[in-house]
Amino acid sequence: MSKRKTWDVAVIGAGASGMMAAITAARRGKSVLLLEHKNKPGKKILSTGNGKCNFTNQTMNSSCYYGNKELLESVLKHFSQEDTLSFFREIGIWPREKNGYYYPNSGQASSLCEALTAELSRCQVTLVTECEAEHVIPEKYGFTLKTSLGTYYAKNVILASGLKAAPKLGSDGTVFPLLKELGHHFTPVLPALCGFEASGMDFKKVSGVRTEADITLMVDNTALTSERGELQLTDYGISGIPVFQISSPGARALYEKKRVEAVIDFLPDILPKKLEEEVTRRFCRDAGVQPVSDSLRGLFNQKLIPVLLQKAEISIHNSTETINDRKRKDLVQIIKGYPVQLLKIRDFPYAQVCTGGIRTEEIKIDTLESRLVPGLYFAGELLDVDGICGGYNLQWAWSSGYTAGNAVGTYA
């Protein structure tokens, strides 16, 4: 009877962290099996940065992340953004920097994904696609992997399968039963980098409006964080980059049943006193000539004006001379701080990442090996770290994938 094939390392999940882990382990001379349940690796990478793939950032510190900061700092020390840039230059991706954001010079996420796939081949990693991992069974000298394509054997396993964000691209939650079987537990896993369902504004009337704004996240009447960028008003609530940036702490606060608001400054470049002077000037200029709604033309999207006036309890048909000082001040206050209550984070299919993950106390933070199952390692979104927009989540994937791939099988 022929001897069964036993790999040094089996990596489950051929996304960003899984490919990096497989390449790193193979470069150390390990035989590596990479299992992916989609029909090709890196599908989630192809959707990043609107297809341009913002793969790291010039500014890299713990303030750009949520989750376990001790774990984050340990992993980033092993593989920094400079290491990322060097690695991708080596495999053929020339980085182009724009406002601190790094993209492939090609402007195509596909080129980065193809470079990683080519490197897997150069490193003699065996890639098996359309393969569902059904059970990971610890044995005396390694693991038995029961899959939809048969049984594989490995001395060590790296789980890099993601959680539940963007399930159509591969992270569909199938890892949860595996980890439950292995005895691991999770902090609450919630959608992040997505919009919120909200109330407090007639969103159907302003749906489609995009405007520069400053968003302050309020939790139980305390300001947690502020972000600025292009706000998108939708029929369900709020979206856009500044909303994505506050989504992780917002989602956690909603999960904890706290009162969560987003306070919107629709004119962040104008101080309240200056804005009040401008509104007064416009109203005086147009007294008896046109209604108050027309006086705000040129300051805001036309769909937004009646909603702002309604919140300030001013009829859009009012003549400007009927608006007294108190009403003008109320209007300025609304423009500079329009509160909407956040009701629910959008669901996983709309999320770019998840916040939450495996409990860090169950992991050795220097190697990412399980404290419960020797020889089992983790990488990527499974870990309790998530970043804001700007290449931070991909940097976490590269860093954690490298850390696991560099540590796996050290003593085997």
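Mentor: Happy to! Let's start with Gln-245, which is buried at a relative accessible area of 6%. Buried means under 20% relative accessible area, exposed means over 50%, and partly exposed is in between, using a 1.4 Å probe and protein chains only. Keep in mind that this is a predicted model, where local features need pLDDT of at least 70, side-chain atom pairs count only at pLDDT 80 or more, and totals for chains, interfaces and linings use all residues. Residues are numbered from 1 along each chain as its sequence is written, and side-chain values use heavy atoms, with hydrogens and water left out.

Trainee: Where is Gln-245 found, and which residues does Gln-245 touch?

Mentor: Gln-245 is found in helix 8, residues 241-255. Helices (H or I, at least four residues) and strands (E, at least two) are DSSP runs, numbered from the N terminus. Leaving out residues up to four places away in sequence, Gln-245 touches Tyr-66, Leu-193, Glu-227, Ile-388 and Cys-389. Contact here means heavy atoms within 4.5 Å.

Trainee: Zooming out, how many helices and strands does the protein chain have?

Mentor: There are 13 helices and 22 strands in the protein chain. The C-alpha trace spans about 100 × 45 × 35 Å along its principal axes. The protein chain has 412 residues, and 54% of them count as buried. Among contacts with a separation of 6 or more, 73% come from residues 24 or more positions apart.

Trainee: What about helix 1, how many of its residues are buried?

Mentor: 11 of the 12 residues in helix 1 are buried, so helix 1 is largely enclosed by the rest of the structure. Among them are Met-19, Met-20, Ile-23 and Thr-24. Helix 1 covers residues 16-27 and reaches 17 Å from its first C-alpha to its last, close to the 16 Å expected. That expected span is 1.5 Å times one less than the number of residues.

Trainee: Which residue follows helix 1?

Mentor: Gly-29 does, and its phi is positive, near 90 degrees.

Trainee: Which residues other than glycine have a positive phi?

Mentor: Cys-53 is one of them, with phi near 65 degrees. Cys-53 sits in the loop between helix 2 (43-46) and strand 3 (56-57), and is buried at a relative accessible area of 0%. Glu-130 is another, with a positive phi of about 50 degrees. Glu-130 is in the loop between strand 7 (126-128) and strand 8 (133-139), and is exposed at 52%. For background, most residues other than glycine have a negative phi.

Trainee: New topic: how many salt bridges are there?

Mentor: The count comes to 24 salt bridges, where a salt bridge is a side-chain nitrogen of Lys or Arg within 4 Å of a carboxyl oxygen of Asp or Glu. One of them pairs Arg-122 with Glu-119, with the closest N and O atoms 2.8 Å apart. Both residues lie in helix 5 (residues 109-122), 3 residues apart, or about one turn of the helix.

Trainee: What does the salt bridge between Lys-327 and Glu-313 tie together?

Mentor: The closest N and O atoms of Lys-327 and Glu-313 are 3.9 Å apart. Lys-327 lies in helix 12 (residues 325-336) and Glu-313 in the loop between helix 11 (305-311) and helix 12, so the pair ties together parts that are 14 residues apart in sequence. Lys-327 is partly exposed at 25%, and Glu-313 is exposed at 64%.

Trainee: Last one: at what angle do the axes of helix 3 and helix 13 cross?

Mentor: The axes of helix 3 (residues 69-78) and helix 13 (residues 392-407) cross at roughly 75 degrees and come within 8 Å. That makes helix 3 roughly perpendicular to helix 13. Axes are lines fitted to C-alpha atoms, for helices over the stretch in contact, with angles from 0 to 180 degrees between N-to-C directions. Angles under 35 degrees count as roughly parallel, over 145 as roughly antiparallel, 65 to 115 as roughly perpendicular and the rest as oblique.
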